[in-house]
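Student: Walk me through this model, please. I would like to learn how to read its surface and backbone features.

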Amino acid sequence: MSKRRLDFTLIELLVVIAIIAILASMLLPALNQAREKAKKLSCINNLKQLSNTFFLYIDDNSGFFPHCGKNSTGLAVWDTLVLPYCSNTRSVKSGAAKMFGCPSDTIARTSAYTAKRSYGINSGRSMNDDRFAGIADSQPKSTKLNRIPQPTKLLVLVDRITASSTVIGGDSRQNVSCSPSSSTPTNEQLAFRHDSNWKRINMYFADGHVAEVNYYSSPILGVHSLATPAMPFGVFTVTPND
């Protein structure tokens, strides 16, 4: 009986390598999609955990949401106010503090000690008008939970565009505003990290539920005749249908 030939020729080896490369190219998109889906679900889970900390804060503060805050005016930023309800440190090593950062937020932070913040609190169009108020702004003023007629339709936190200085306790990009006086259109403040089409985004609402929504849909922007993606009404205001 002749001995079976086990060695490969160069051509056969190249064919095997080509087949492996083809299989890898077919699997890679699916793996990337699965990875991004996992990041989106992690982001949703972060917002859900933050909603729980907000409710604990509200219970201890006469039913009011935390104000947005601004360090330069002596007001603690909203994340610093709710942080004690989930962690005693803002360190990057704190597991609880990591809920303030979206896993798809890859902007490098300048601080090596303070955890990143990826979400902005809703400041609405004007905190001086009860109809068009959001949750809070940089004034020592915020909305009371029991004064919201439709909590399922009022935005609290949303994925926000960040910068290297956007960290817990920092003044950088801690809110989202749809005020006519804002220098940046609302849709340019938002971070569509989980949608390559730049339409869908994660939002936490005043009743505590978290959802991925189409920002450009009428339930989100509102039905007001002046509502636009750059200056929405809808879920950004206490009275979404005005």
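Tutor: Start with Ile-22, which counts as partly exposed at 48% relative accessibility. Buried means under 20% relative accessible area, exposed over 50%, partly exposed in between (1.4 Å probe, protein chains only). Ile-22 lies in helix α1, residues 10–60. Helices (H or I, at least four residues) and strands (E, at least two) are DSSP runs, numbered from the N terminus.

Student: Which residues form a nonpolar patch on the surface?

Tutor: Patches take residues with over 30% relative accessible area and no salt bridge; nonpolar side chains (Val, Leu, Ile, Met, Phe, Trp, Tyr) are joined within 5 Å, like charges within 9 Å. A salt bridge puts a side-chain nitrogen of Lys or Arg within 4 Å of a carboxyl oxygen of Asp or Glu. Here the patch is Ile-11, Val-15, Ile-19, Ile-22, Leu-23 and Met-26, with about 610 Å² of accessible area together. Areas come from the Shrake-Rupley method with a 1.4 Å probe; for residues, only the protein chains shown count as cover.

Student: Where does Trp-198 lie?

Tutor: Trp-198 sits in the loop between β3 and β4 (200–205). Its phi is positive, about 55°, although Trp-198 is not a glycine. Trp-198 is exposed, at 51% relative accessibility.

Student: What is the phi of Arg-173?

Tutor: About 55°, again in a non-glycine residue. Arg-173 is in the loop between β2 (155–159) and β3 (175–176).

Student: How is confidence read?

Tutor: pLDDT is the predictor's confidence in each residue, from 0 to 100. The chain averages 89, and 95% of the residues score at least 70. The model is predicted: local features need pLDDT of at least 70, side-chain atom pairs count only at pLDDT 80 or more, and totals for chains, interfaces and linings use all residues. Residues are numbered from 1 along each chain as its sequence is written, and side-chain values use heavy atoms, leaving out hydrogens and water.
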